[in-house]
Amino acid sequence: MKYILLFTDGLFIPKEDPRDQDDFRILIDLFLEGGLEKIKNYIRALENQDPNCWVYPRFKQHDDIAAISITFDN
């Protein structure tokens, strides 16, 4: 199977250093394990553990998430 994921920045995995490159491998692994819901739950759990945005610097605790996955059967 092949997939296309389209998503807003709300689906980016929070990072301790915002200047670091995004690690899309984590996002891909989570998607393959449980789809977009698994990614969203993982991100929300990280954000909930850091309500003051000190560990993962960001403008607000939660960002809006919009995402679509398209699956192609070979």
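**Surface, core and salt bridges**

Biologist: What does the accessible surface of the chain come to, and what share of that surface belongs to carbon and sulfur atoms?

Modeller: Areas here come from the Shrake-Rupley method with a 1.4 Å probe, and for residues only the protein chains shown count as cover. The accessible surface of the chain is about 5400 Å², and the share of carbon and sulfur atoms is 53%.

Biologist: Good start! What kind of model is this, and at which pLDDT do side-chain atom pairs count?

Modeller: Residues are numbered from 1 along each chain as its sequence is written, and side-chain values use heavy atoms, with hydrogens and water left out. This is a predicted model in which totals for chains, interfaces and linings use all residues, while local features need pLDDT of at least 70 and side-chain atom pairs count only at pLDDT 80 or more.

Biologist: In what order do the elements of the chain run from the N terminus on?

Modeller: Helices (H or I, at least four residues) and strands (E, at least two) are DSSP runs numbered from the N terminus. Starting at the N terminus, the order is β-α-β.

Biologist: What percentage of the 74 residues count as buried?

Modeller: Relative accessible area decides: under 20% is buried, over 50% exposed, and in between partly exposed (1.4 Å probe, protein chains only). Of the 74 residues of the chain, the buried part is 20%.

Biologist: Which residues make up the largest nonpolar core?

Modeller: In soluble globular proteins, nonpolar side chains tend to be buried together. A nonpolar core is a set of buried Ala, Val, Leu, Ile, Met, Phe, Trp, Tyr and Cys residues joined through side-chain atoms within 4.5 Å. Here the largest one has nine members: Leu11, Ile13, Leu27, Leu30, Phe31, Ile39, Ile43, Leu46 and Tyr56.

Biologist: Which residues does leucine 46 touch, not counting those up to four places away in sequence?

Modeller: A contact needs heavy atoms within 4.5 Å. With residues up to four places away in sequence set aside, leucine 46 touches Ile13, Pro14 and Tyr56.

Biologist: Is glutamate 47 buried or exposed?

Modeller: Glutamate 47 sits in helix H1. Leaving aside neighbours within four places in sequence, glutamate 47 is in contact with Pro14, Arg58, Gln61, His62 and Asp63. Its relative accessibility is 4%, so glutamate 47 counts as buried.

Biologist: How many salt bridges does the count come to?

Modeller: Side chains of opposite charge can pair when their charged atoms come close. The rule for a salt bridge is a side-chain nitrogen of Lys or Arg within 4 Å of a carboxyl oxygen of Asp or Glu. By this rule, the count is eight.

Biologist: What N to O distance goes with the salt bridge of arginine 25 and aspartate 29?

Modeller: Both residues lie in helix H1 (residues 24-48), four residues apart, or about one turn of the helix. Arginine 25 is partly exposed at 47% relative accessible area, and aspartate 29 is partly exposed at 33%. Their side chains meet with an N to O distance of 2.9 Å.

Biologist: And how far apart are the closest N and O atoms of lysine 60 and aspartate 63?

Modeller: Lysine 60 is partly exposed, with a relative accessible area of 45%, and aspartate 63 is partly exposed with 26%. The two form a salt bridge, and the closest N and O atoms are separated by 3.9 Å.
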